[in-house]
Amino acid sequence: MTLDSNYLRGTMAAVLSILQHSTCPENVEFHFLWSRHEPDVSSSIKSTFPYLNFKVYRFNSKKVRGKISKSIRQALDQPLNYARIYLADIIPAEVKRVVYLDSDLVVVDDIKKLWEVDLENKVLAAPEYCHANFTTYFTDLFWSDPSMSSIFDGRKPCYFNTGVMVVDVDKWRQGDYTSKMEEWMGVQKQKRIYHLGSLPPFLLVLGGDITGVDHRWNQHGLGGDNLEGKCRSLHPGPISLLHWSGKGKPWLRLDSRKPCTVDHLWAPYDLYRSSTHSFEE
């Protein structure tokens with residue numbers, strides 16, 4: 001996970017949810033990436049979770065500063081949002097597999113089940129959403145240029161959300177996937193081929209070439225869309241992970257006394273809960 005004072009409240013809730021639902025929480029090792037040393041953040045984690053098995057690594061934001069193109073929402077343009085692309089270069093070589101998680105989610109199942117998914121010799125596993133209109137993730141300029149759009153020839157690309165991923169970091173290093181994504185970020189700087197932040201490079205390089213995971217592991221979009229963040233309801237079916245992707249974050253909506261119904265599912269994990277929270281529907 002990434003670590004940032006702006007999202008610390010979300011990270012703490014996510015960590016708590018993982019520990020609460022793990023059969024063997026002592027076996028869970030956390031790797032946190034931050035763009036700068038923030039002693040307050042580090043001490044908050046240590047004091048809240050004194051026995052937590054964790055390491056913190058610095059992500060050098062200079063790696064991406066010149067590569068980021070302005071996107072649809074300012075939060076998506078933060079360098080730390082791109083740290084997931086550099087994951088394999090940052091964490092130790094002895095780490096072979098990781099589950100990457102965003103900070104705006106809670107896990108309501110044993111994370112070990114997700115960690116143990118069969119990657120089927122692929123570099124990445126995540127829930128895929130093949131009913132989503134894949135063409136909307138890229139501009140007309142991209143689709144009208146065969147030299148670019150042919151990247152998907154022979155693949156059946158589907159949208160997947162990069163906030164929940166199982167990654168074979170060894171295979172990532174061997175295939176140098178970081179460089180492949182950086183190439184597309186370079187193209188984006190020259191020509192506007194997509195509107196979102198760090199997601200499209202993943203889709204370009206790996207769309208149609210990942211292992212699908214049960215949708216229960218990413219009930220995403222609970223933060224609404226990227227522009228308005230309107231309330232959304234849950235999709236039917238079993239749930240192992242709730243994800244407030246989109247503009248609306250549950251802690252902000254709860255604090256403003258304008259929570260969505262789904263935000264009450266996040267509230268029990270909120271370690272910064274103020275007495276002003278109203279749990280009335």
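Tutor: We may; please bear in mind that this is a predicted model. Let us begin with helix H10, in which Leu199, Pro200, Pro201, Phe202, Leu203, Leu204, Val205 and Leu206 are buried.

Student: What makes H10 mostly covered?

Tutor: A residue counts as buried under 20% relative accessible area, and eight of the eight residues of H10 are buried. Their packing partners include strand E5 (124-126), helix H6 (140-143) and helix H9 (177-190).

Student: How is the packing of H9 and H10 described?

Tutor: Two packed helices are described by the angle between their axes and the distance between the axes. For H9 and H10, the axes come within 9 Å and cross at roughly 115 degrees. The contact involves Tyr177, Lys180, Met181, Trp184 and Met185 of H9, together with Pro201, Phe202, Leu204, Val205 and Leu206 of H10.

Student: Why is Gly208 called partly exposed?

Tutor: Its relative accessibility is 30%. Buried requires under 20% and exposed over 50%; the value for Gly208 lies in between, and therefore the residue counts as partly exposed.

Student: Where does Gly208 lie, and which residues does Gly208 contact beyond its neighbours within four places in sequence?

Tutor: Gly208 lies in the loop between H10 (199-206) and strand E9 (211-212), and its phi is positive, near 85 degrees. With those neighbours set aside, Gly208 is in contact with Glu128, Arg155, Lys156, Pro157 and Cys158.

Conventions
Residues are numbered from 1 along each chain as its sequence is written. This is a predicted model: local features need pLDDT of at least 70, side-chain atom pairs count only at pLDDT 80 or more; totals for chains, interfaces and linings use all residues. Side-chain values use heavy atoms; hydrogens and water are left out. Helices (H or I, at least four residues) and strands (E, at least two) are DSSP runs, numbered from the N terminus. Buried means under 20% relative accessible area, exposed over 50%, partly exposed in between (1.4 Å probe, protein chains only). Contact means heavy atoms within 4.5 Å. Axes are lines fitted to C-alpha atoms, for helices over the stretch in contact, and angles run from 0 to 180 degrees between N-to-C directions.
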